[in-house]
Amino acid sequence: MKLILIGIQGSGKGTQAKLLSERFKIPHLSVGEILREEVARKTHLGEKISSIIDKGELVPDDLTVGIVETEIQGKVGFILDGFPRNLNQARKLDEFVKIDHVIHITLTDEEARRRIGGRLECTKCGMIYSLNFYKKDSCEKCGGALKRRDDDNDAAVEKRIRTFHESTKPLIEFYRQKGILREIDGAQPIEKVLSDIEKALR
Ligand code: AMP
């Protein structure tokens, strides 16, 4: 199964992608995580893109398309989380792979802001936690330290929300017209969102 998850920041794409990856035994591919790793390792690429990411802007399409093309090569199934993020990326993706399902996890801007305000991420495995529900300072899965993402600051969050409406939302119509789009209410509890996605994939 070749699956794309679309959603505004904080909609739970990353969390659902990890759960679906375990459930269906297919790899979870988060372009954002790959890019953040480059920044953390201070590679040449990482140094070039770190200020773009911290401002909440999109890194150039040729770069993300190249990463995805390499990562999915030879894979029979995968979950793309956070890619594509604009029509150009979606059209490029169409040139090298046929996507089976696109799930749009919906959430209001207000709820997205509230969730990102309380979001912590494991620096080792990328597991996502909410300050509202999780009170420990290390990851329950791998013991890694938890921290706020550098791009979860107010200015970058607003920029990412604007970018979602301007650049990513047109994808919803693009995939609806192909007949492969399903919309799931992301304001529900994690388990309910997961079961709704599973139903939509059947
Ligand atoms: P995410 O982890 O999906 O929230 O992505 C974090 C950041 O990585 C984004 O704000 C962008 O700066 C960059 N990024 C992730 N995916 C893409 C993409 N498909 N196209 C361009 N930039 C991306």
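## A buried arginine

A polar contact is a pair of N or O atoms within 3.5 Å; within protein, one must be able to donate a hydrogen and the other to accept it. In this predicted model, such a contact of 3.2 Å joins the side chains of R160 and D152.

R160 sits in helix α7, residues 154-168. Its relative accessible area is 6%. Buried means under 20%, so R160 counts as buried. Beyond its neighbours within four places in sequence, R160 touches Q9, G56, I116, R119, R149, D151 and D152.

Strand β3 spans residues 78-81 and is covered on both faces. F78 and L80 are buried on one side. I79 and D81 are buried on the other.

Two strands pair with β3. Strand β1, residues 2-7, runs parallel to β3 and is joined to it by four bridges. Here L5 stands opposite D81. Strand β2, residues 28-30, also pairs with β3 in the parallel sense, over three bridges. In that pairing H28 faces I79.

## Backbone features in loops

A cis peptide bond links F83 and P84, with omega at about -5°. P84 belongs to the loop between β3 and α5 (87-96).

Two lysines have positive phi. K25 is not a glycine, yet its phi is about 55°. K25 lies in the loop between α1 (13-24) and β2. K25 is exposed, with a relative accessible area of 71%.

For K42, phi is near 55°. The loop between α2 (31-40) and α3 (44-54) holds K42. K42 is exposed as well, at 62% relative accessible area.

Key:
Residues are numbered from 1 along each chain as its sequence is written. This is a predicted model: local features need pLDDT of at least 70, side-chain atom pairs count only at pLDDT 80 or more; totals for chains, interfaces and linings use all residues. Side-chain values use heavy atoms; hydrogens and water are left out. Buried means under 20% relative accessible area, exposed over 50%, partly exposed in between (1.4 Å probe, protein chains only). Two strands pair if DSSP finds at least two bridges between them. Contact means heavy atoms within 4.5 Å.
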